[in-house]
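Visitor: I would like to understand the terms used for this structure, and what stands behind each of them. Could you take me through it?

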Amino acid sequence: MFFVERRIIFAIIKMFKKKGSLLIMKKFFKLEENKTNVTTEVLAGLTTFFAMSYILFVAPNILGLTGMPTQAIFLATIISSAVSTLIMALFANVPYVQAPGLGLATFFTYTVVLQLGFSWQQALALVFLCGVINVIVTVTKIRRLIIKSIPDVLQHAIGGGIGIFVAYIGVKNAGFLKFITDKGGILSINGSAYDAGATHFKGGVSSVVSNSSVTPALINFNQAAPLLALIGLIVMIFLVVKNVRGAILIGIIVTTIIGIPMGVTHTELIGGNSLGASFQQLGTTVGAAFGPKGMGSLFAEPGRLLLAVMTIFAFSLTDIFDTIGTFIGTGKRTGIFSVQDEKEFFNGHGFKSKMDRSLFSDAIGSVISAIFGTSNVTTFVESASGIGVGGRTGLTSLVAAVMFLLSSLLAPFIAIIPGVATAPALIVVGIMMMASFKNINWSNLEDAIPAFFASVFMAICYSISYGIAAGFIFYIAVKLAKNKFKEVHPMMIVCTLLFILNFIVLAVIE
């Protein structure tokens, strides 16, 4: 069945390379101006899609714990991802792909619904309001001021930090690490405080939260999946160093094939998500955010009004800074956002620059996701995998969007590619992105301290926004110590205070 999937990939490449289509693509996406071509963009789109396709199967599992019908979530994830990414492709012309974020989906389920007691319909209403706020923040140019306030040293640190973060995701997905904790370090199981005397858990164990006593360690490589990931990493590095065109996508395919005799790649078709059943269940989630169980009851209890506002704030701040970090980290170094585009962004009006259009496309994503019935859509950091193989325009995003639409029919084929086959791609791309560190003067502690916290904390905390928060806080602390507080942009001070407030909010609601 894998070879059927490979023929589908080649058919997509052929479709985009038809003579008539080729001319249209070149002109609309300005391929020559961006020093790229159709083949590179198609390969980049496929690479990004396969690197993040796991969300199609993970999102229903996580959000389904709230009581939402899982097959409706599956289809809502596809539709919201495809529509949001199409907007990014056709309106912004940049190679970024959008889908419901894993971190935000986890927050939606475990904190907003299971812990704070909001219904899933109310949680969708909160996501919608978060999206509206993000659109307002973007249209009123507040995001522009935020980006302008970030000093160069932190912009380089964010770029390199995203490289560490992406590589760490790859290492984790490859199964190279194990995490050890004893019962004294367990804080909660399934969102409830840990009871050492409990021996049975209703529905099994779905999540475990431990404190900092957790110790990461390298595995012994006695399992097939991590061994396959290691082989795939070696193959991919060899191809990349040899400058083989499409090296990362070829590496994913080769690793998947090698996984067949190893028993990691399962070639039998996987069922689970019936398209007919998905459309039937979709009626349950579409518009649920605006029904009597959603927006109609969200503010009905005055005692929970402040809690709702605090939750919207936490959603919005994370979404806004995750996207800003991704754009800064990947767009400046690769030239996706050129110097001229930056000038138009900071000095122009309306949506003249690619950055303006990209930020708006991202902001509208959460509105779309809430309407169809899934958690916040955000720009995926895995977009870096496609950018790493040369994706520079919206054609990359268009290919990924087409793949999302096709995935409603091809889910069993897509599921054949194991996560350990795409993990090496993230590691290699992460290494490439760390080149931004060369622009930081590490011997100067005034630069090194905030750069360290902005970059390393991003991976340690598994959050782009938390890395940016740490960088902001320590940047201001260093400037205070050096009596250079006047050098800090007022918007950066405001953002830092909002981050601190966000940490207080999370401490209260969690």
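Visitor: In which helix does Cys495 lie?

Guide: Cys495 lies in helix H22, residues 490-509. Helices are DSSP runs of H or I with at least four residues, strands are runs of E with at least two, and both are numbered from the N terminus. By that count the protein chain has 22 helices and seven strands.

Visitor: What should I keep in mind about the model itself?

Guide: This is a predicted model, where local features need pLDDT of at least 70 and side-chain atom pairs count only at pLDDT 80 or more, while totals for chains, interfaces and linings use all residues. Residues are numbered from 1 along each chain as its sequence is written, and side-chain values use heavy atoms, with hydrogens and water left out.

Visitor: Why is Cys495 called buried?

Guide: Buried means under 20% relative accessible area, exposed means over 50%, and partly exposed is in between, with a 1.4 Å probe and protein chains only. Cys495 has 1% relative accessibility, so Cys495 counts as buried. Leaving aside neighbours within four places in sequence, Cys495 is in contact (heavy atoms within 4.5 Å) with Ile146, Phe321 and Phe472. Phe452 is 43 residues from Cys495 along the chain, and their C-alpha atoms are separated by 19 Å.

Visitor: How do you know that Cys495 is too far from the closest cysteine sulfur for a bond?

Guide: A disulfide is a covalent bond between the sulfur atoms of two cysteines. The criterion here is a pair of cysteine sulfur atoms within 2.5 Å. For Cys495 the closest cysteine sulfur is in Cys130, 16 Å away, and therefore too far for a bond.

Visitor: What rules out a bond for Cys461?

Guide: The closest cysteine sulfur to that of Cys461 is in Cys495, and the 18 Å between them is too far for a bond. Cys461 has a relative accessible area of 33%, so Cys461 is called partly exposed. The structure as a whole holds zero disulfides.

Visitor: What makes Met491 buried?

Guide: Its relative accessible area is 17%, so Met491 falls on the buried side of the cut-off. Met491 also has its place in helix H22. Not counting residues up to four places away in sequence, Met491 touches Ile142, Leu145, Ile146 and Ser149. Met491 and Ile146 are 345 residues apart along the chain, yet their C-alpha atoms are separated by 6.0 Å.

Visitor: How do you know whether Gln122 is buried or exposed?

Guide: Gln122 has 11% relative accessibility, so Gln122 counts as buried. Gln122 sits in helix H7, residues 120-139. Beyond its neighbours within four places in sequence, Gln122 is in contact with Lys293, Gly294, Ser297 and Leu298. Gln122 and Ile493 are 371 residues apart in sequence and 33 Å apart in space, C-alpha to C-alpha.

Visitor: Why is Ser375 called buried?

Guide: The relative accessible area of Ser375 is 0%, so the term applies. Ser375 lies in the loop between helix H16 (354-372) and strand S7 (377-379). Its contacts outside four places in sequence include Leu63, Pro100, Phe108 and Val127.

Visitor: What sets the backbone of Phe221 and Asn243 apart?

Guide: Phe221 is not a glycine, but has a positive phi of about 55 degrees. Phe221 is in the loop between strand S6 (215-218) and helix H10 (224-241). With 25% relative accessibility, Phe221 counts as partly exposed. Asn243, not a glycine either, has a positive phi of about 60 degrees. Asn243 is placed in the loop between H10 and helix H11 (247-262). At 68% relative accessibility, Asn243 counts as exposed.

Visitor: How do you know that the radius of gyration agrees with a compact globule?

Guide: The radius is taken over C-alpha atoms, and the globule rule is 2.2 Å times the number of residues to the power 0.38. For 510 residues that rule gives a value near 24 Å, and the chain has 22 Å, which agrees. Along its principal axes the C-alpha trace spans about 55 × 55 × 50 Å. Of the 510 residues, 55% count as buried. Among contacts between residues at least 6 apart in sequence, 80% join residues at least 24 apart.
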